[in-house]
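Let's take a walk through this protein together, going from its overall layout down to a few individual residues. Keep the structure open as you read.

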Amino acid sequence: MASSPGSRKQLLDQDAIMAWIFLAPALLLMGVFILGPILYLFYLSFTQGSFTRSGIYGVGLNNYFRLFLSPDFWQILLNTAYFTIATVIPSLIIPLALAVLLDRTFALRDILRTAYFIPSITSLVAVGLGWRWLFQTQGPVNHLLTQLGFDPIPWLSSTTWAMPVLILLSIWKQLGFNLVVFLAGLQTIPQSRYEAAQLDGANPWQQFLYITLPGLQPTMVFVTVTTAIFTLKSFEQVYVITGGGPLNSTNVLVYYIYEQAFSQFDFGYAAAAASILLAIALVLVYIQLKLFEENESINN
(Lines give C-alpha, C1' and ligand atoms only; values in the text may rest on other atoms or scores of the structure.)
Protein backbone atom coordinates (compact mmCIF):
# COMPACT_ATOMS: atom_id res chain seq x y z
CA MET A 1 0.00 0.00 0.00
CA ALA A 2 1.44 3.34 -1.02
CA SER A 3 2.01 5.88 1.73
CA SER A 4 -0.20 8.94 1.69
CA PRO A 5 1.20 12.38 0.71
CA GLY A 6 0.47 13.58 4.22
CA SER A 7 2.67 10.88 5.82
CA ARG A 8 5.53 11.57 3.38
CA LYS A 9 5.27 15.27 4.14
CA GLN A 10 5.36 14.54 7.87
CA LEU A 11 8.55 12.49 7.48
CA LEU A 12 10.26 15.08 5.33
CA ASP A 13 9.21 18.34 6.95
CA GLN A 14 11.85 20.64 8.37
CA ASP A 15 11.32 19.69 12.02
CA ALA A 16 11.64 15.98 11.26
CA ILE A 17 14.81 16.51 9.21
CA MET A 18 16.37 18.57 12.01
CA ALA A 19 15.39 15.91 14.55
CA TRP A 20 17.09 13.16 12.49
CA ILE A 21 20.20 15.34 12.10
CA PHE A 22 20.47 15.83 15.87
CA LEU A 23 19.77 12.16 16.54
CA ALA A 24 22.27 10.91 13.96
CA PRO A 25 25.43 11.02 16.21
CA ALA A 26 23.66 9.17 19.04
CA LEU A 27 22.15 6.62 16.64
CA LEU A 28 25.56 6.09 15.04
CA LEU A 29 27.23 5.50 18.40
CA MET A 30 24.39 3.20 19.44
CA GLY A 31 24.75 1.21 16.24
CA VAL A 32 28.53 0.88 16.59
CA PHE A 33 28.80 0.17 20.32
CA ILE A 34 25.46 -1.50 21.18
CA LEU A 35 23.60 -2.95 18.19
CA GLY A 36 26.78 -4.01 16.39
CA PRO A 37 28.19 -6.06 19.29
CA ILE A 38 24.76 -7.61 19.94
CA LEU A 39 24.46 -8.76 16.34
CA TYR A 40 28.03 -10.08 16.43
CA LEU A 41 27.20 -11.93 19.66
CA PHE A 42 24.29 -13.68 17.96
CA TYR A 43 26.55 -14.55 15.03
CA LEU A 44 29.19 -16.04 17.34
CA SER A 45 26.56 -18.13 19.14
CA PHE A 46 26.08 -20.13 15.91
CA THR A 47 29.80 -20.77 15.44
CA GLN A 48 32.64 -22.72 16.96
CA GLY A 49 36.39 -22.39 16.82
CA SER A 50 38.84 -19.68 17.86
CA PHE A 51 40.20 -16.37 16.60
CA THR A 52 43.42 -18.00 15.44
CA ARG A 53 44.66 -19.23 12.08
CA SER A 54 42.19 -22.12 12.23
CA GLY A 55 39.31 -19.63 12.32
CA ILE A 56 35.67 -20.17 13.22
CA TYR A 57 33.00 -22.19 11.48
CA GLY A 58 29.23 -22.43 11.69
CA VAL A 59 27.57 -25.11 13.81
CA GLY A 60 23.95 -23.99 13.67
CA LEU A 61 22.06 -24.45 16.93
CA ASN A 62 24.59 -26.90 18.35
CA ASN A 63 25.80 -24.48 21.04
CA TYR A 64 22.26 -23.95 22.30
CA PHE A 65 21.63 -27.70 22.35
CA ARG A 66 24.83 -28.14 24.36
CA LEU A 67 23.64 -25.50 26.82
CA PHE A 68 20.24 -26.99 27.46
CA LEU A 69 21.62 -30.55 27.69
CA SER A 70 24.36 -29.56 30.15
CA PRO A 71 23.66 -30.27 33.86
CA ASP A 72 26.20 -27.58 34.76
CA PHE A 73 24.23 -24.94 32.86
CA TRP A 74 21.01 -25.79 34.70
CA GLN A 75 22.85 -25.58 38.02
CA ILE A 76 24.18 -22.19 36.94
CA LEU A 77 20.65 -21.02 36.13
CA LEU A 78 19.41 -22.21 39.54
CA ASN A 79 22.32 -20.45 41.25
CA THR A 80 21.55 -17.27 39.31
CA ALA A 81 17.84 -17.44 40.17
CA TYR A 82 18.61 -18.01 43.86
CA PHE A 83 21.17 -15.20 43.88
CA THR A 84 18.83 -12.78 42.08
CA ILE A 85 15.69 -13.43 44.12
CA ALA A 86 17.52 -13.42 47.46
CA THR A 87 19.18 -10.12 46.52
CA VAL A 88 16.22 -8.30 44.99
CA ILE A 89 13.71 -8.81 47.82
CA PRO A 90 15.86 -7.36 50.66
CA SER A 91 17.14 -4.68 48.27
CA LEU A 92 13.55 -3.47 47.99
CA ILE A 93 12.39 -3.83 51.60
CA ILE A 94 15.41 -2.36 53.42
CA PRO A 95 15.87 0.78 51.26
CA LEU A 96 12.10 1.41 51.24
CA ALA A 97 11.96 1.28 55.04
CA LEU A 98 15.01 3.54 55.34
CA ALA A 99 13.60 5.96 52.76
CA VAL A 100 10.31 6.30 54.67
CA LEU A 101 12.25 6.97 57.88
CA LEU A 102 14.63 9.45 56.25
CA ASP A 103 11.76 11.24 54.55
CA ARG A 104 10.50 12.16 58.02
CA THR A 105 13.97 12.96 59.43
CA PHE A 106 14.62 16.27 57.73
CA ALA A 107 17.54 17.34 59.92
CA LEU A 108 19.82 14.41 59.07
CA ARG A 109 18.34 13.34 55.73
CA ASP A 110 21.11 14.73 53.50
CA ILE A 111 23.92 13.38 55.69
CA LEU A 112 22.40 9.92 56.04
CA ARG A 113 21.47 9.76 52.36
CA THR A 114 25.10 10.47 51.45
CA ALA A 115 26.35 7.88 53.94
CA TYR A 116 24.02 5.19 52.58
CA PHE A 117 24.95 6.04 48.99
CA ILE A 118 28.71 5.58 49.52
CA PRO A 119 28.62 1.78 48.84
CA SER A 120 27.11 2.44 45.40
CA ILE A 121 30.16 4.46 44.30
CA THR A 122 32.77 2.23 45.95
CA SER A 123 34.86 -0.09 43.79
CA LEU A 124 33.30 -3.53 43.92
CA VAL A 125 36.71 -5.19 43.52
CA ALA A 126 38.11 -3.33 46.54
CA VAL A 127 34.99 -4.07 48.56
CA GLY A 128 35.14 -7.72 47.50
CA LEU A 129 38.70 -8.05 48.79
CA GLY A 130 37.64 -6.55 52.10
CA TRP A 131 34.60 -8.82 52.24
CA ARG A 132 36.78 -11.89 51.62
CA TRP A 133 39.04 -10.85 54.49
CA LEU A 134 36.05 -10.37 56.80
CA PHE A 135 34.60 -13.81 56.08
CA GLN A 136 37.76 -15.91 55.87
CA THR A 137 38.09 -18.76 58.36
CA GLN A 138 40.25 -16.76 60.77
CA GLY A 139 38.59 -13.46 59.89
CA PRO A 140 36.84 -10.87 62.07
CA VAL A 141 33.34 -12.34 61.56
CA ASN A 142 34.34 -15.76 62.88
CA HIS A 143 36.32 -14.11 65.67
CA LEU A 144 33.15 -12.27 66.72
CA LEU A 145 31.13 -15.51 66.57
CA THR A 146 33.72 -17.21 68.77
CA GLN A 147 33.55 -14.36 71.28
CA LEU A 148 29.77 -14.79 71.41
CA GLY A 149 30.08 -18.51 72.10
CA PHE A 150 29.28 -19.83 68.62
CA ASP A 151 31.36 -22.18 66.48
CA PRO A 152 33.21 -20.56 63.56
CA ILE A 153 31.60 -21.03 60.15
CA PRO A 154 33.63 -21.91 57.01
CA TRP A 155 31.88 -19.14 55.07
CA LEU A 156 33.79 -19.25 51.79
CA SER A 157 34.49 -22.98 51.67
CA SER A 158 30.94 -24.11 52.43
CA THR A 159 28.41 -24.81 49.68
CA THR A 160 25.71 -23.59 52.08
CA TRP A 161 27.24 -20.32 53.32
CA ALA A 162 29.30 -19.04 50.37
CA MET A 163 26.30 -17.79 48.37
CA PRO A 164 24.76 -15.86 51.33
CA VAL A 165 28.05 -13.95 51.64
CA LEU A 166 27.76 -12.84 48.00
CA ILE A 167 24.09 -12.00 48.47
CA LEU A 168 24.85 -9.89 51.54
CA LEU A 169 27.52 -7.98 49.62
CA SER A 170 25.17 -7.36 46.69
CA ILE A 171 22.42 -6.07 49.00
CA TRP A 172 24.89 -3.73 50.71
CA LYS A 173 26.13 -2.50 47.33
CA GLN A 174 22.65 -1.80 45.93
CA LEU A 175 21.13 -0.30 49.06
CA GLY A 176 22.24 3.32 48.53
CA PHE A 177 21.06 3.62 44.93
CA ASN A 178 17.63 2.18 45.72
CA LEU A 179 17.35 4.39 48.79
CA VAL A 180 17.90 7.55 46.74
CA VAL A 181 15.38 6.41 44.11
CA PHE A 182 12.74 5.69 46.77
CA LEU A 183 13.38 9.08 48.38
CA ALA A 184 12.82 10.74 45.01
CA GLY A 185 9.62 8.73 44.56
CA LEU A 186 8.35 9.81 47.98
CA GLN A 187 8.72 13.46 46.96
CA THR A 188 6.19 12.92 44.16
CA ILE A 189 3.39 11.89 46.56
CA PRO A 190 1.28 14.96 47.45
CA GLN A 191 1.49 15.86 51.13
CA SER A 192 -2.22 16.68 51.05
CA ARG A 193 -3.03 12.96 50.87
CA TYR A 194 -1.31 12.33 54.20
CA GLU A 195 -3.01 15.34 55.77
CA ALA A 196 -6.42 14.11 54.62
CA ALA A 197 -5.65 10.62 55.93
CA GLN A 198 -4.66 12.04 59.32
CA LEU A 199 -7.92 13.96 59.50
CA ASP A 200 -9.77 10.71 58.80
CA GLY A 201 -7.94 9.05 61.68
CA ALA A 202 -5.53 6.85 59.68
CA ASN A 203 -2.49 5.70 61.66
CA PRO A 204 1.06 5.70 60.15
CA TRP A 205 0.82 2.04 59.09
CA GLN A 206 -2.46 2.65 57.27
CA GLN A 207 -0.98 5.71 55.57
CA PHE A 208 1.94 3.60 54.40
CA LEU A 209 -0.31 0.84 53.04
CA TYR A 210 -2.92 2.99 51.30
CA ILE A 211 -0.94 6.09 50.30
CA THR A 212 2.80 5.44 50.22
CA LEU A 213 2.83 2.02 48.53
CA PRO A 214 0.31 2.91 45.77
CA GLY A 215 2.12 6.21 45.17
CA LEU A 216 5.45 4.39 44.84
CA GLN A 217 4.20 1.78 42.37
CA PRO A 218 6.11 3.14 39.32
CA THR A 219 9.22 3.61 41.46
CA MET A 220 8.86 0.08 42.80
CA VAL A 221 8.72 -1.35 39.27
CA PHE A 222 11.82 0.62 38.24
CA VAL A 223 13.80 -0.38 41.32
CA THR A 224 12.82 -4.04 41.00
CA VAL A 225 13.87 -4.31 37.36
CA THR A 226 17.12 -2.33 37.73
CA THR A 227 18.11 -4.34 40.81
CA ALA A 228 17.36 -7.62 39.02
CA ILE A 229 19.47 -6.55 36.02
CA PHE A 230 22.30 -5.39 38.32
CA THR A 231 22.21 -8.77 40.06
CA LEU A 232 22.08 -10.75 36.82
CA LYS A 233 25.27 -9.09 35.59
CA SER A 234 27.15 -9.64 38.86
CA PHE A 235 30.70 -10.74 38.17
CA GLU A 236 33.27 -8.92 40.32
CA GLN A 237 32.14 -10.29 43.68
CA VAL A 238 32.11 -13.87 42.39
CA TYR A 239 35.51 -13.46 40.73
CA VAL A 240 37.17 -11.84 43.77
CA ILE A 241 35.57 -13.72 46.66
CA THR A 242 34.71 -17.30 45.62
CA GLY A 243 35.76 -17.87 42.00
CA GLY A 244 32.50 -19.74 41.46
CA GLY A 245 33.22 -22.29 44.17
CA PRO A 246 33.04 -24.29 46.23
CA LEU A 247 31.80 -27.07 43.94
CA ASN A 248 30.19 -24.58 41.55
CA SER A 249 27.78 -23.43 44.27
CA THR A 250 28.36 -19.70 43.64
CA ASN A 251 28.88 -19.86 39.89
CA VAL A 252 26.36 -17.50 38.27
CA LEU A 253 25.61 -16.93 34.61
CA VAL A 254 27.98 -14.03 33.92
CA TYR A 255 30.92 -15.78 35.59
CA TYR A 256 30.07 -18.97 33.70
CA ILE A 257 30.20 -17.01 30.42
CA TYR A 258 33.59 -15.59 31.41
CA GLU A 259 34.93 -19.06 32.22
CA GLN A 260 33.77 -20.58 28.95
CA ALA A 261 35.13 -17.69 26.88
CA PHE A 262 38.45 -16.90 28.54
CA SER A 263 39.36 -20.11 30.38
CA GLN A 264 38.02 -22.72 27.94
CA PHE A 265 38.25 -20.44 24.86
CA ASP A 266 34.91 -21.79 23.72
CA PHE A 267 33.66 -18.46 22.39
CA GLY A 268 30.66 -19.81 20.49
CA TYR A 269 29.35 -21.65 23.54
CA ALA A 270 29.96 -18.56 25.72
CA ALA A 271 28.15 -16.39 23.15
CA ALA A 272 25.12 -18.72 23.29
CA ALA A 273 25.04 -18.41 27.10
CA ALA A 274 25.40 -14.65 26.79
CA SER A 275 22.48 -14.59 24.35
CA ILE A 276 20.35 -16.37 26.96
CA LEU A 277 21.36 -13.74 29.52
CA LEU A 278 20.49 -10.95 27.06
CA ALA A 279 17.09 -12.53 26.43
CA ILE A 280 16.38 -12.63 30.19
CA ALA A 281 17.35 -8.96 30.54
CA LEU A 282 15.14 -7.99 27.58
CA VAL A 283 12.19 -9.82 29.12
CA LEU A 284 12.68 -7.87 32.34
CA VAL A 285 12.83 -4.57 30.45
CA TYR A 286 9.68 -5.51 28.51
CA ILE A 287 7.86 -6.28 31.77
CA GLN A 288 8.99 -2.92 33.17
CA LEU A 289 7.70 -1.02 30.13
CA LYS A 290 4.36 -2.86 30.16
CA LEU A 291 3.85 -2.17 33.85
CA PHE A 292 4.71 1.50 33.31
CA GLU A 293 2.18 1.68 30.48
CA GLU A 294 -0.53 0.06 32.61
CA ASN A 295 0.22 2.44 35.48
CA GLU A 296 0.04 5.47 33.18
CA SER A 297 -3.28 4.31 31.71
CA ILE A 298 -4.72 3.84 35.22
CA ASN A 299 -3.56 7.29 36.34
CA ASN A 300 -4.96 8.95 33.21
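Predicted model: local features only at pLDDT ≥ 70, side-chain atom pairs only at ≥ 80, totals over all residues.

How do the two domains meet? In terms of contacts, 9 residues of domain 1 touch 9 residues of domain 2. The size of an interface is often given as the accessible area lost when the parts come together. Here domain 1 and domain 2 bury about 690 Å² between them, and carbon and sulfur atoms account for 74% of that area. On the side of domain 1 that touches domain 2, helix α2 (14–45) and strand β1 (47–49) each supply at least two residues. The largest share, 5 residues, comes from α2. Sorted by type, the residues on this side of domain 1 are 5 nonpolar and 4 polar, with no charged ones. As for specific pairings, the count of salt bridges between the two domains is 0. The count of residue pairs in polar contact between them, with both residues at pLDDT 80 or more, is also 0.

Now let's move to helix α14, which spans residues 267–299. Serine 275 has its place in this helix. Is serine 275 buried or exposed? Its relative accessibility is 5%, so serine 275 counts as buried, the cut-off being under 20%. Setting aside residues up to four places away in sequence, serine 275 touches Leu41, Phe42, Ser45 and Tyr64.

Leucine 277 lies in helix α14 too. With 15% relative accessibility, leucine 277 counts as buried. Which residues does leucine 277 contact, leaving aside its neighbours within four places in sequence? They are Leu232, Leu253, Val254 and Ile257.

Next comes a charged pair. The salt bridge count for the model is 1. In this salt bridge the side chains of arginine 66 and aspartate 266 meet, at 2.9 Å from N to O. How accessible are the two partners? Arginine 66 has 29% relative accessibility and counts as partly exposed, whereas aspartate 266, at 12%, counts as buried.

Our last stop is serine 91, found in helix α4 (residues 71–104). At 1% relative accessibility, serine 91 counts as buried. What does its side chain meet? A polar atom of the serine 91 side chain lies 2.6 Å from the backbone oxygen of threonine 87. Beyond neighbours within four places in sequence, serine 91 is in contact with Ile171, Gln174, Asn178 and Thr227.

Definitions and conventions: Residues numbered from 1 in each chain as written. Heavy atoms only, no water. Contact = heavy atoms within 4.5 Å. Buried area = accessible area lost by both parts, 1.4 Å probe. Salt bridge = Lys/Arg side-chain N within 4 Å of Asp/Glu carboxyl O. Polar contact = N/O pair within 3.5 Å; in protein donor to acceptor, adjacent residues only side chain to side chain. Helix = DSSP H or I, 4+ residues; strand = E, 2+ residues; numbered from the N terminus. Nonpolar A, V, L, I, M, F, W, Y, C, P; charged D, E, K, R; others polar. Buried < 20%, exposed > 50% of the residue type's maximum accessible area, 1.4 Å probe, protein only.
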